[in-house]
Amino acid sequence: MFERSRPAGDRPSWAAARLTWKEPVSHPMSADPTSRRDIPDATVARLPEYLRALSDAADRGVLSVSSEELATAAGVRPTQLRKDLSHLGSYGIRGVGYDVEHLALEISRALGLTQDWPVAIVGMGNLGRALAAYSGFATGGFHVAALFDEDAALVGTRIGDVLVEPMADLPRLVADRGVSIGVIATPAGSAQQVCDTLVRAGVRSVLNFAPLVLSVPGDVDVRRVDLSTELHVLAFHEQRKQLAAGQGQDVGHGVGVGR
Ligand SMILES: NC(=O)c1ccc[n+]([C@@H]2O[C@H](COP(=O)([O-])OP(=O)(O)OC[C@H]3O[C@@H](n4cnc5c(N)ncnc54)[C@H](O)[C@@H]3O)[C@@H](O)[C@H]2O)c1
């Protein structure tokens, strides 16, 4: 159970809180922004889950949470949570726990979500259109700044307020709109070429939905999202459970190399 609460709705919105948040002068990370590099990658990977749990708590009007409550909501051990949050300089208060809003803002700041991130999406097919229309981007400081496709029939159409632009205009629009993150939603066959175009235009962070490993210069970060991989892992565990229950069966599917 979460400890203290106030009525949902009687709190500033996350967006408003993000905009009005002021760094405490004495905070270790405000004194030296480069110290954020000391947060281990595994901790960084768990921070979004903590933020989601805190956001859920705030939506219910909860003011403070214990490390046990937050750990349970995020699906980690309390010791792991405390260790992760110690990298942010957040130790909570004994008997009170963590202030939900303050911790959410600290995590948002550590993740870089307190600033605006213009995103460009390339490939306006089924997936690209769904991503472009996804309103959840805006809550993290991300906004869809540009959309691109090579298909002349799609260029000039709109998804929400944003026009689909031709690939030839990508370098200029990426520069003009300060795009910092590129999303690749093209078929695998064109993803490397699209990635090269984004990188040449100055993009240094790429979210790749196409099923292939991209080659990029050392200063470019690539994250790959692959639902098939997640399903494969689930299938593995499901198979284990079935075998343990004595009902395993091989229905003769080939190995899934043709994603
Ligand atoms: N990661 C995941 O979990 C996941 C889920 C679904 C789809 N996908 C992948 O996402 C990609 C898109 O899937 P989809 O169903 O939207 O495909 P789609 O065929 O509907 O759309 C692809 C779009 O990319 C455009 N395109 C192709 N080459 C291009 C290029 N060189 N420059 C600019 N635009 C180009 C096409 O004109 C088309 O509009 C595929 O690689 C697919 O495998 C990944």
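How many residues surround the ligand, and which are the closest? The shell holds 26 residues, and the closest are G123, G125, L127, S190 and L227, where a residue counts as near a molecule if its C-beta atom, placed from the backbone, lies within 6 Å of it. This is a predicted model, in which local features need pLDDT of at least 70 and side-chain atom pairs count only at pLDDT 80 or more, while totals for chains, interfaces and linings use all residues. Residues are numbered from 1 along each chain as its sequence is written.

**Ligand shell**

- Three elements, α7 (126–132), β5 (142–149) and α9 (188–200), each supply at least two residues of the shell around the ligand; helices (H or I, at least four residues) and strands (E, at least two) are DSSP runs, numbered from the N terminus.
- The most is given by α9, which contributes four residues to this shell.
- By class, the shell divides into 15 nonpolar, seven polar and four charged residues, with Ala, Val, Leu, Ile, Met, Phe, Trp, Tyr, Cys and Pro counted as nonpolar, Asp, Glu, Lys and Arg as charged, and the others, Gly among them, as polar.

**Sheet**

- An open sheet of seven strands runs in the order β6-β7-β5-β4-β8-β9-β10 with mixed pairing, two strands being paired if DSSP finds at least two bridges between them.
- The edge strands, each pairing on one side only, are β6 (158–159) and β10 (221–224).
- Strands β4 and β8 pair in the parallel sense over four bridges, with A120 standing opposite G182 in β8.
- Strands β8 and β9 likewise pair in the parallel sense over four bridges, and the bridge partner of V183 in β9 is L207.

**Helix packing**

- Helix α3 (residues 41–59) and α4 pack at an angle of about 110°, with their axes 9 Å apart, which makes α3 roughly perpendicular to α4 (the class for angles of 65 to 115 degrees, with under 35 counted as roughly parallel, over 145 as roughly antiparallel and the rest as oblique).
- In this packing, E49, Y50, A53 and D56 of α3 meet L70, A73 and A74 of α4, a contact with five nonpolar, no polar and two charged residues; two residues are in contact if their C-beta atoms, placed from the backbone, lie within 7 Å.
- Helix α4 (residues 67–74) also packs with helix α5 (residues 78–86), at an angle of about 100° and with the axes 8 Å apart, and α4 and α5 are therefore roughly perpendicular to each other.
- The contact is made by S67, E68, L70, A71 and A74 of α4 together with P78, L81 and R82 of α5, and by class it has five nonpolar, one polar and two charged residues.

**Annotated spans**

- An unreviewed UniProt entry annotates residues 49–88 as "DNA-binding region"; UniProt positions are given in the numbering used here, feature names are shortened, and annotations may be inferred rather than shown by experiment.
- The end C-alpha atoms of residues 49–88 lie 15 Å apart, and the span is 70% helix and 10% strand.
- UniProt, again in an unreviewed entry, places "domain: CoA-binding" at residues 112–213, a span that is 26% helix and 28% strand, with its end C-alpha atoms 26 Å apart.

Definitions and conventions. Axes are lines fitted to C-alpha atoms, for helices over the stretch in contact, and angles run from 0 to 180 degrees between N-to-C directions.
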